[in-house]
Amino acid sequence: MQLIFKILIITLPTSFILMFYFFLNENDSYPGANFVESNLPEFKLESLENNEILIKNSLSGDFILNVWASWCITCRVEHSYLMDLSNDGIPIVGLNYKDERIDGIEWIKKYGNPYQLIIHDLKGSFAMDLGVTGAPETFLIHDGKIVAHYQGEVNKMIWNDVFMPIIQDRGIF
C-alpha cells in the first residue's frame with residue numbers, strides 16, 4: 001500500500017506538470033480564437049454617423065468587423081493598432097456595441113476613425129447574433145462568411161498569428 005501511495009505522489013504531480021507544459025507551449029492555439037466558418041447574420045441597423053439604414057447587403061467584399069464601445073477600456077488599447085491596419089489599407093467595419101450614439105461619435109472624434117463604416121448596435125442585437133460576449137471582438141469576413149473570430153484585443157501578435165495565416169492562405173485583401 002505504501003508503494004502505491006509513493007508512486008501516486010510522484011506520478012500525479014509529474015503528469016500535471018507535463019500536461020500544462022505541453023498545453024502552454026502549443027503555439028497554434030489561442031484561447032480567444034475561433035475558426036468555425038459561418039454566414040454573416042442578417043441585420044437592419046443605423047449607421048453611427050448619419051442614421052442611414054444599413055443591412056447585410058450594405059457590407060461587401062473582404063473586411064475586418066471590429067466590435068467596440070466608448071466604455072470599453074481594452075478597445076482604447078486596441079484602437080491605435082486598428083488605426084495602423086486601416087492606414088495599411090485593411091478595410092475595417094466598426095460595430096459600435098451597446099453604446100449611446102453621442103458617446104460613440106465623440107470617442108471617434110477624439111481617437112480617430114479607422115472604420116470605413118460604423119454600425120450602431122445600441123441594443124446589441126446584431127452582436128448577439130454574431131455570438132459576441134463583450135468588447136472588443138474582431139471578425140474576419142470573406143465573401144460574406146465569418147472565417148475567423150477573435151475575442152479580445154487585436155494587436156500585432158494576434159494579427160500575425162491568428163488572422164494573417166488565413167488572409168495569406170485564402171488570398172484575402
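Author: A nonpolar core is a set of buried Ala, Val, Leu, Ile, Met, Phe, Trp, Tyr and Cys residues joined through side-chain atoms within 4.5 Å, where buried means under 20% relative accessible area, exposed over 50% and partly exposed in between, with a 1.4 Å probe and protein chains only. This is a predicted model, in which local features need pLDDT of at least 70 and side-chain atom pairs count only at pLDDT 80 or more, while totals for chains, interfaces and linings use all residues. Residues are numbered from 1 along each chain as its sequence is written, and side-chain values use heavy atoms, with hydrogens and water left out.

Reader: How many helices and strands does the protein chain have?

Author: Helices (H or I, at least four residues) and strands (E, at least two) are DSSP runs, numbered from the N terminus. Read along the sequence, these elements follow the pattern α-β-β-β-β-β-α-β-α-β-α-β-β-α. The secondary structure of the protein chain therefore comes, by that definition, to 5 helices and 9 strands.

Reader: What radius of gyration does the protein chain have, beside that of a compact globule of 173 residues?

Author: The C-alpha trace spans about 75 × 35 × 30 Å along its principal axes. The radius of gyration is taken over C-alpha atoms, and the globule rule is 2.2 Å times the number of residues to the power 0.38. For a compact globule of 173 residues the value would be near 16 Å, but the protein chain has 20 Å.

Reader: Which residues have the most contacts inside the largest nonpolar core?

Author: In soluble globular proteins, nonpolar side chains tend to be buried together. The largest nonpolar core here has 29 residues, and those with the most contacts inside it are Trp68, Leu140, Tyr150, Trp159 and Phe163.

Reader: Which element supplies the largest share of this core?

Author: At least two residues of the core come from each of E5, H2, H3, strand E9 (145–151) and helix H5 (156–170). The largest share, 6 residues, comes from H5.

Reader: How many residues are in the other core that lies apart from it?

Author: Among the residues of this other core are Leu117, Ile119, Phe139 and Ile146. Lying apart from the largest one, this core has 20 residues.

Reader: Why is strand E6 largely enclosed by the rest of the structure?

Author: From E6 (residues 92–97), Ile92, Gly94 and Asn96 point one way, whereas Val93, Leu95 and Tyr97 point the other way. Strand E6 is largely enclosed because its buried residues number 6 of the 6.

Reader: Which residue in E7 is the bridge partner of Asn96?

Author: Two strands pair if DSSP finds at least two bridges between them. Strand E5 (residues 63–68) pairs with E6 in the parallel sense over 5 bridges, and there the partner of Trp68 in E6 is Asn96. E6 is also joined by 5 bridges to strand E7 (residues 117–121), running parallel, and in E7 the bridge partner of Asn96 is His120.

Reader: Which helix makes a right-handed β-α-β unit with E6 and E7?

Author: A crossover is right-handed if, with the strands pointing away from the viewer, the path from the first strand over the helix to the second runs clockwise. One such unit is made by E5, helix H2 (residues 73–87) and E6. In the unit made with E6 and E7, the helix is H3 (residues 101–111).

Reader: With which residues is Ala69 in contact, leaving aside its neighbours within four places in sequence?

Author: Ala69 lies in the loop between E5 and H2, and is buried, with a relative accessible area of 0%. Contact means heavy atoms within 4.5 Å. Leaving aside those neighbours, Ala69 is in contact with Cys75, Asn96, Tyr97 and Asp99.

Reader: Which residue is joined to Pro136 by a cis peptide bond?

Author: Most residues other than glycine have a negative phi, and most peptide bonds are trans. Pro136 has its place in the loop between helix H4 (125–130) and strand E8 (137–142). With omega about 0 degrees, the cis peptide bond joins Pro136 to Ala135.

Reader: Is Asn51 exposed, partly exposed or buried?

Author: Asn51 sits in the loop between strand E3 (44–47) and strand E4 (53–55), and has a positive phi of about 65 degrees although it is not a glycine. With a relative accessible area of 40%, Asn51 is partly exposed.
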